[in-house]
Amino acid sequence: GDMQSYANSKLNLFKWKNLRCAVVNLDDPLGIEIVKNTTASKIITYGIKKDTDDEDFMELRAKEGIFCSKQVRAENIILLDNNQHNNNDDDDDDCDENDIISKYENYGEKQEFDNKIYQQFDLVLPNGRVKVKTKLLGMFNISNLLATACVLFEAGMGARHIAIELERLDAPFGRLEQVELDLPAAEFLEDFPKLPIVLVDFAHTPDAIQQTLEALRPVAEHRG
C-alpha cells in the first residue's frame, strides 16, 4: 500500500479499547497525530532532538494546537572505540548500592578487546539521567533504544537499570550486525583504529540502503 495507508494502520495500533499506555515517537511527524487520537490513558513520548532544537516538531505542534514534549531523549551522542568506556558513577537520585554493583559487574563483562565501534549517549528520563554505551549503530537504533527505555520506565525500572538492559541488546541478524574478529587483545590495542570493522546488513531496497549508508557515514568519519 501507499504511505498514507501505512500511517492509518499505524495509527490504529494506538486506538485499542482500554489501552493503558502509548509510547510515541515525536521525531516522527505522525507522532503528533497519534498523541491527538490515541485512546491510551497515559502517553510517554520520546525523541532524539530537544523540543526547542526541532523546528519541524515545534511548528507542527503549534499548528495542531496540542502541547506535548519529548519526555525521554538521547543527548550528546558520540562514537567510541572499544577501549573507551562510559562512566555512570555520578550521583543519581534513583541510585542505590545494588544499582552500582550491577552496573560495574555489567562493565566487567565488557573489558575484553574487540574490533567493534559503539555509540554512547546521555539517556534523559523523567526519573534520572544516565549514560548508555551500545554496540547498535545509527540514529534509527538510538530511536529504537529510546522506545525500549520508555517501556522499561513505565514498568517501574530505575534509570541505571534501564541503561544496563539497553547495553545488553544486540542487533538482529543482518541488521547492521557487527562481526567480531578473533584477535589477541594486548598487542592490537595500540593500533585499534587501523583494524577493520566488519558489518553485515541485508538492506535490499533503495530506502534501506540509503539508511544503512547514512548510519555508517559517521563511523567512517570517526575512523578517518
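Trainee: Among contacts in the protein between residues at least 6 apart in sequence, what percentage join residues at least 24 apart?
Mentor: Keep in mind that this is a predicted model. We take contacts between residues at least 6 apart in sequence, and then ask which of them join residues at least 24 apart. That share comes to 65%.

Trainee: And how many helices and strands does the protein have?
Mentor: The protein has 224 residues, and 41% of them count as buried. As for the elements, the count is eight helices and seven strands.

Trainee: Is strand 4 largely enclosed or open?
Mentor: Look at both of its faces. On one side, Ile-117, Gln-119, Phe-121, Leu-123 and Leu-125 are buried, and on the other so are Tyr-118, Gln-120, Asp-122 and Val-124. That makes nine of the nine residues in 117–125 buried, so strand 4 is largely enclosed.

Trainee: Which residue in strand 4 is the bridge partner of Ala-74?
Mentor: Start with strand 3, residues 72–81, which runs antiparallel to strand 4 and is joined to it by seven bridges. Follow the pairing from Ala-74 into strand 4 and you land on Leu-123.

Trainee: Are helix 5 and helix 6 parallel, antiparallel, perpendicular or oblique to each other?
Mentor: Helix 5 is residues 139–154 and helix 6 is residues 159–167; they pack with their axes 10 Å apart, at an angle of about 135°. Roughly antiparallel would need an angle over 145 degrees, and roughly perpendicular covers 65 to 115. The two helices are therefore oblique.

Trainee: How do the residues of that contact between helix 5 and helix 6 divide into nonpolar, polar and charged?
Mentor: Helix 5 brings Leu-145, Thr-148, Ala-149, Leu-152 and Phe-153, which meet Ile-162, Glu-165 and Leu-166 in helix 6. Sorted by kind, they are six nonpolar, one polar and one charged.

Trainee: Last one: which residues of helix 2 are buried?
Mentor: Helix 2 spans residues 30–37. What covers its buried residues includes helix 1 (3–12), strand 1 (21–25), strand 2 (42–47) and helix 3 (55–64). The buried ones are Leu-30, Gly-31, Ile-32, Ile-34 and Val-35.

Methods:
Residues numbered from 1 in each chain as written. Predicted model: local features only at pLDDT ≥ 70, side-chain atom pairs only at ≥ 80, totals over all residues. Heavy atoms only, no water. Buried < 20%, exposed > 50% of the residue type's maximum accessible area, 1.4 Å probe, protein only. Helix = DSSP H or I, 4+ residues; strand = E, 2+ residues; numbered from the N terminus. Pairing = 2+ DSSP bridges. Axes fitted to C-alpha atoms, helices over the stretch in contact; angles between N-to-C directions. Parallel < 35°, antiparallel > 145°, perpendicular 65-115°, else oblique. Contact = heavy atoms within 4.5 Å. Nonpolar A, V, L, I, M, F, W, Y, C, P; charged D, E, K, R; others polar.
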